[in-house]
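Hi everyone, thanks for coming. Let's walk through this one together, helix by helix.

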Amino acid sequence: MKYDEFVDAVAIRAGMSPAEAEVLAHAALQTLADRLTAGEARDLAAQLPRGLAESLEPRYEKAEAFGLEEFVRRVGNRAAVDLSTAWYGMRAVLATLRGGVSVGEFQDVIGQLGKEYVEALQPAR
């Protein structure tokens with residue numbers, strides 16, 4: 001998947017402009033890098049286009065342990081958006097990752113994130 005395709009997919013899924021989606025994509029990937037082990041962040045980055053992969057550069061070798069609520073808060077802070085926008089953006093980025101990387105890689109990512117992240121990807125009822 002190319003950079004623009006990724007951003008456009010996030011924009012469509014989140015119902016926002018490509019410019020907003022681009023900011024949120026980088027914020028979500030940076031937060032994801034904090035939440036994953038360094039090795040897993042690098043593995044995921046290897047399957048993303050240049051420009052997005054750099055946002056997954058790990059700051060630490062070990063994953064930080066924080067839940068979905070904190071993940072959304074960090075995305076919102078990094079993107080300078082409200083929590084609702086951060087929530088939809090984060091979901092759109094994870095959904096786009098699901099379709100943009102190998103099944104095994106996405107399962108590895110979700111395996112480190114946990115059940116609440118899987119539930120966040122489910123359609124609203």
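When I say helix, I mean a DSSP run of H or I with at least four residues, numbered from the N terminus. The expected span of a helix is 1.5 Å times one less than its number of residues. Please keep in mind that this is a predicted model, where local features need pLDDT of at least 70, side-chain atom pairs count only at pLDDT 80 or more, and totals for chains, interfaces and linings use all residues. Residues are numbered from 1 along each chain as its sequence is written, and side-chain values use heavy atoms, with hydrogens and water left out.

Let's begin with α1, residues 3-14. Its twelve residues should span 16 Å at 1.5 Å a residue, and the end C-alpha atoms are 17 Å apart, which agrees. Buried here means under 20% relative accessible area, with exposed over 50% and partly exposed in between, using a 1.4 Å probe and protein chains only. In α1 the buried residues are Y3, F6, V7, A9, V10, A11 and A14. They pack against α2 (18-35) and α5 (83-100), where contact means heavy atoms within 4.5 Å. Just after α1 comes G15, with a positive phi of about 65 degrees.

Now for α2. For its 18 residues we expect 26 Å at 1.5 Å a residue, and the end C-alpha atoms lie 25 Å apart, which agrees. Its buried residues include L24, H26, L32 and D34. The buried residues of α2 pack against α1, α3 (38-45), α4, α5, α6 (103-113) and α7 (115-120).

How do α1 and α2 meet? They pack at an angle of about 100 degrees, with axes 8 Å apart. The axes are lines fitted to C-alpha atoms, for helices over the stretch in contact, and angles run from 0 to 180 degrees between N-to-C directions. Angles of 65 to 115 degrees count as roughly perpendicular, so α1 and α2 are roughly perpendicular to each other. On the α1 side we have Y3, F6, V7, D8, V10 and A11, meeting P18, A21, E22, A25 and H26 in α2.

On to helix α4 (residues 68-79), where we find R74. Is R74 buried or exposed? R74 is buried, with a relative accessible area of 18%. Leaving aside residues up to four places away in sequence, R74 touches T31, D34, E64 and F66.

One last stop: L44. Again not counting residues up to four places away in sequence, L44 touches L32, L36, L56, L97, V101, E105 and V109.

Key:
Helix = DSSP H or I, 4+ residues; strand = E, 2+ residues; numbered from the N terminus. Parallel < 35°, antiparallel > 145°, perpendicular 65-115°, else oblique.
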